[in-house]
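User: I would like to go through a structure with you, one topic at a time. Please keep the answers plain.

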Amino acid sequence: MLRPELHAATINLPSLLLRLALLVYLPWPAPVVALEPVCVAPDVYAFVGDNTEATPENEGFVANAGFIVGSAGVVVIDTGASYRYGQAMIEAIRRVTSKPIQLVIITHAIQDFVFGAAAFSERGIPLLAHRMTVDLMKTRCGHCLGNLRKILDEKTLAGTRLVIPERAIEGSTTMQVGGRTLDITWLGWASTPGDLVIFDRTARVMFVGGIVTAARVPELRDGDYNGWLHAIDTLRSMDAKHVVPGYGPPISPKDMERTAHYLKDLDARMRQLYERGAGLMEGVDNADMDDYAQWSLYPEQHRRNALWRYLQLEVEDLEK
């Protein structure tokens, strides 16, 4: 773009025309997925992903993240799947407020939530997670990044690297950050060992990470079945008005029960098949649950969940 202080006499006209021609005829690079914060409540925002799986088309923007604007600063919850996404988050936050970002909280160790952290860390913004999330990130998130590189192109993942949070908590705590009071709650092993829930007392908004999904089949791979149901029961007793799930649009507190219903129905179905003597693959092949067939990822994720729940039932049987 020409600077307004340049006079026509100083412009190299042939060079300018050549540049304009190149702009017209050369293909534009693929656009960055637009990050438009959704206002969940006053001063509380969510970046709502497309609730599917990572693809080159969505650039890995599938999960939710968010931020809370206090009187003195900003708290960010989760960071997306790439450095580029983290940068886009920062740019979007700057369009809302000029207050400094004071803390980033990572709710759990799943690739869709952790790899934007480098964009914040390089600016000196501290990262916080539960100790078991930190341990899980150290153990496997390098492998997760390798898997992402098989899906997303190098441009999308440019600069993406694993950054381990330097602040780890062991349990629940209440923090004053940026002029807001936040209850950071660990409810035990639920969807992952280190799930954290962030509750903003002022707006009564909960960010629940992987414990709750909206219109999407949750992933059981890292979950503890009983602990997960206990966590959802506890969340229902908290005084929230709005809930930001890990995936899908913001929901009301009563809608959290849909995730619990899925878990219970899956358990009942697999337990029925297991107890009548169905083998592993026979059980998986007969695990259809039509009530959830319209949820995102149902064909592939539900089948994987059926396999995991069957194997968990085998372990439970051996431990009796």
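User: To start with a cysteine, is Cys144 buried or exposed?

Analyst: Cys144 is buried, with a relative accessible area of 8%. Buried means under 20% relative accessible area, exposed over 50%, and partly exposed in between, with a 1.4 Å probe and protein chains only. Please note that this is a predicted model, in which local features need pLDDT of at least 70 and side-chain atom pairs count only at pLDDT 80 or more, while totals for chains, interfaces and linings use all residues. Residues are numbered from 1 along each chain as its sequence is written, and side-chain values use heavy atoms, with hydrogens and water left out.

User: Which cysteine sulfur is closest to that of Cys144, and how far away is it?

Analyst: The closest cysteine sulfur belongs to Cys141, at 4.8 Å, which is too far for a bond. A disulfide is a pair of cysteine sulfur atoms within 2.5 Å.

User: Let us turn to the overall make-up. How many helices and strands does the protein have?

Analyst: The protein has 10 helices and 12 strands. These are DSSP runs numbered from the N terminus, helices being H or I with at least four residues and strands E with at least two. Of the 320 residues, 53% are buried.

User: What is the strand order in the open sheet of five strands?

Analyst: The order is β8-β9-β10-β11-β12, and the pairing is mixed. β8 (173–177) and β12 (242–244) are the edge strands, each with a single partner, so one side of each has no neighbour in the sheet. On average, neighbouring strands of this sheet are turned by 25° against each other, direction ignored.

User: How many residues of β10 are buried?

Analyst: Five of the five residues of β10 are buried, so this strand is largely enclosed by the rest of the structure. Leu196, Ile198 and Asp200 point one way from β10, whereas Val197 and Phe199 point the other way.

User: And how does β10 pair with β9?

Analyst: β9 (residues 180–186) and β10 are antiparallel and share five bridges. In one of these pairings, Trp186 has Leu196 as its bridge partner.

User: What about the pairing of β10 and β11?

Analyst: That pairing is also antiparallel, over three bridges. The bridge partner of Asp200 in β11 is Val205. β10 and β11 form a hairpin with four residues between them, and Arg204 in the turn has a positive phi of about 55°.

User: In which sense do β11 and β12 run?

Analyst: β11 (residues 205–207) and β12 run parallel and are joined by three bridges. Phe207 has Val244 of β12 as its bridge partner.

User: Back to Arg204. Which residue does its side chain meet in a salt bridge?

Analyst: The side chain of Arg204 meets that of Asp239, at 3.0 Å from N to O. A salt bridge is a side-chain nitrogen of Lys or Arg within 4 Å of a carboxyl oxygen of Asp or Glu. The pair links distant parts of the chain, 35 residues apart: Arg204 is in the loop between β10 (196–200) and β11, and Asp239 in the loop between α7 (225–236) and β12. Arg204 counts as partly exposed, at 29% relative accessibility.

User: How many salt bridges does the structure hold?

Analyst: The structure holds 25 salt bridges. Among them is the pair Arg271 and Asp267, whose closest N and O atoms are 3.1 Å apart. These two residues are separated by about one helical turn because they lie four residues apart in helix α8 (residues 257–275). Asp267 is buried at 10% relative accessibility, whereas Arg271 is partly exposed at 29%.

User: Which residues are linked in a network of salt bridges?

Analyst: Arg140, Glu219, Arg221 and Asp222 are linked in such a network.

Methods:
Two strands pair if DSSP finds at least two bridges between them. Axes are lines fitted to C-alpha atoms, for helices over the stretch in contact, and angles run from 0 to 180 degrees between N-to-C directions.
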